[in-house]
Amino acid sequence: MPGRNASKTYGTVSADRQKAMSGLEFVQGLADGTLPLNTIAQTLGYDVAEAANGRVVVTAKPSGIHLNPAGTVHGGLAATLLDSCMGLAVQSTLEKGVGQTTVEFKISLLRPITPETGEIRAEGVVLSRGRRVGTAEGRITDGKGRLLAHGTTTCLIFEC
């Protein structure tokens with residue numbers, strides 16, 4: 001649900017401020033609330049919960065605002081969570097003055113997600129990080145550890 005993270009702020013981080021931080025400092029700032037989360041996180045009600053070098057966890061509690069016409073959670077929520085955790089995992093490996101953006105990602109939706117699913121957890125882990133390209137995989141699980149969706153991403157790495 002939007003606004004569920006009362007201790008977090010939402011917005012953007014200036015390019016100059018981003019350049020002054022390593023990727024890990026940036027992602028840890030999102031996780032600990034010293035930096036604002038992006039506004040799509042506010043809209044969809046997700047949070048960056050954990051950040052380490054090459055690994056990021058994003059969480060959300062699906063609710064009625066996430067439903068598709070069939071009454072299950074829209075696949076776009078899973079796609080957004082996976083894109084976020086995988087891209088931020090790659091970001092967490094970058095040096096100061098270096099950024100990344102998603103070039104492509106693929107996801108597979110394995111089980112329906114509903115508001116009754118409870119909190120879901122999307123974990124992104126870097127598979128490979130080169131000078132120009134990074135790849136990562138992501139997994140969304142429920143509170144019982146069941147795999148709900150998974151994916152992979154390719155990110156372009158560039159100097160800011």
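Hello everyone, and thanks for coming. First, some ground rules. The model is predicted, so to speak of local features we need pLDDT of at least 70, and side-chain atom pairs count only at pLDDT 80 or more, while totals for chains, interfaces and linings use all residues. Residues are numbered from 1 along each chain as its sequence is written, and side-chain values use heavy atoms, with hydrogens and water left out.

When I say helix or strand, I mean DSSP runs, numbered from the N terminus: helices are H or I with at least four residues, and strands are E with at least two.

Serine 22 sits in the loop that links helix H1 (15-19) to helix H2 (23-32). Is serine 22 buried or exposed? Serine 22 counts as buried because its relative accessible area is 18%, and buried means under 20%, exposed over 50%, partly exposed in between, using a 1.4 Å probe and protein chains only. Setting aside residues up to four places away in sequence, serine 22 touches Leu94, Glu95 and Lys96; contact here means heavy atoms within 4.5 Å.

Now into H2 itself. Its buried residues include Gly23, Phe26, Val27, Gly29, Leu30 and Ala31. What covers the buried residues of H2? The cover includes H1, S1, S2 and H4.

Glutamine 28 belongs to H2 and is partly exposed, because its relative accessible area is 33%. From glutamine 28 to alanine 49 the C-alpha distance is 9.2 Å, though they are 21 residues apart in sequence.

Glycine 29 is also in helix H2, and it counts as buried because its relative accessibility is 3%. Beyond its neighbours within four places in sequence, glycine 29 is in contact with Thr34 and Leu35. Between the C-alpha atoms of glycine 29 and glycine 54 there are 15 Å, with 25 residues of separation in sequence.

Then comes alanine 31, again in H2. Which residues does alanine 31 contact, leaving aside neighbours within four places in sequence? They are Lys8, Val48, Ala49, Glu50 and Ala51. For lysine 8, 23 residues away along the chain, the C-alpha separation from alanine 31 is 9.0 Å. After H2 comes glycine 33, with a positive phi near 85°.

On to the strands. Two strands pair if DSSP finds at least two bridges between them. S1 and S2 run antiparallel and are joined by six bridges, with aspartate 47 partnered by threonine 59 in S2. These two strands form a hairpin with two residues between them, and glycine 54 in that turn has a positive phi of about 80°.

S2 (residues 55-60) also pairs with S4 (residues 120-129), antiparallel and over six bridges; there, valine 56 stands opposite glycine 124. S4 in turn is joined to S5 (residues 133-141) by eight bridges, again antiparallel. Glutamate 123 has arginine 139 in S5 as its bridge partner, and a hairpin of three residues connects S4 to S5.

What about the inside? A nonpolar core is a set of buried Ala, Val, Leu, Ile, Met, Phe, Trp, Tyr and Cys residues joined through side-chain atoms within 4.5 Å. The largest one has 38 residues, and those touching the most other members are Val48, Val56, Val58, Leu81 and Ile140. H4 gives the largest share, nine residues. As for isoleucine 140, its contacts beyond four places in sequence include Ala78, Leu81, Leu82, Ile120 and Leu148.

Last stop: the largest pocket. On a 1 Å grid over the protein atoms alone, a pocket is an open set of points where a 1.4 Å probe fits, with protein on both sides within 12 Å along at least five of seven lines, and lining residues have an atom within 4 Å of a point. How much space lies in the largest pocket? About 620 Å³, where points are joined across faces, edges and corners and the volume is the space filled by probe spheres set on them. H1, H2, S1, H4 and strand S3 (98-109) each supply at least two lining residues.
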